[in-house]
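Below are some questions and answers on charged side-chain pairs.

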Amino acid sequence: MPVSTISGGDTLIMHIGENIRRHRDKVHLTQKQLAERAGLKHTRISEIENGKGNPTIATLIAIASALETSVDKLVRHVRTS
């Protein structure tokens, strides 16, 4: 199975984006505010959250730091149903 694929055909990239959005919403930040804290462009945050951007490890570390969480929590696959 490719690294970017999780059972059920869902991609890891989509889950990372969902997790970032979930954490961002939890701390009441806009995409722009998160981007500023992480040193990224807000369009990059949008791409990642929408599963259209494949973040590097450095980007994940910056986002995790800005959200005061761990990279592990951002990449963890969590079923909500």
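A salt bridge is a side-chain nitrogen of Lys or Arg within 4 Å of a carboxyl oxygen of Asp or Glu. The model is predicted.

Q: How far apart are N and O in the salt bridge of Arg24 and Asp25?
A: Side chains of opposite charge can pair when their charged atoms come close. A salt bridge requires the nitrogen and the carboxyl oxygen to lie within 4 Å. The side chains of Arg24 and Asp25 meet this requirement, with an N to O distance of 3.7 Å.

Q: Is Asp25 buried or partly exposed?
A: Buried means under 20% relative accessible area, and exposed means over 50%. Arg24, at 8%, counts as buried. Asp25 has a relative accessible area of 43%, so Asp25 is partly exposed.

Q: Which helix holds Glu49, the salt-bridge partner of Arg24?
A: The side chains of Arg24 and Glu49 form a salt bridge at 2.6 Å, N to O. This pair links distant parts of the chain, 25 residues apart. Arg24 lies in helix H1 (residues 12–26), and Glu49 lies in helix H3 (residues 42–49).

Q: What separates Glu47 and Arg44 along helix H3?
A: Glu47 and Arg44 form a salt bridge, with their closest N and O atoms 3.4 Å apart. Glu47 is partly exposed at 37% relative accessibility, and Arg44 is partly exposed at 23%. Because they are three residues apart in helix H3, the separation is about one helical turn.

Q: Which residues are linked in a network of salt bridges?
A: The structure holds five salt bridges. Arg24 pairs with Asp25 and with Glu49. The network links Arg21, Arg24, Asp25 and Glu49.

Conventions:
Residues numbered from 1 in each chain as written. Predicted model: local features only at pLDDT ≥ 70, side-chain atom pairs only at ≥ 80, totals over all residues. Heavy atoms only, no water. Buried < 20%, exposed > 50% of the residue type's maximum accessible area, 1.4 Å probe, protein only. Helix = DSSP H or I, 4+ residues; strand = E, 2+ residues; numbered from the N terminus.
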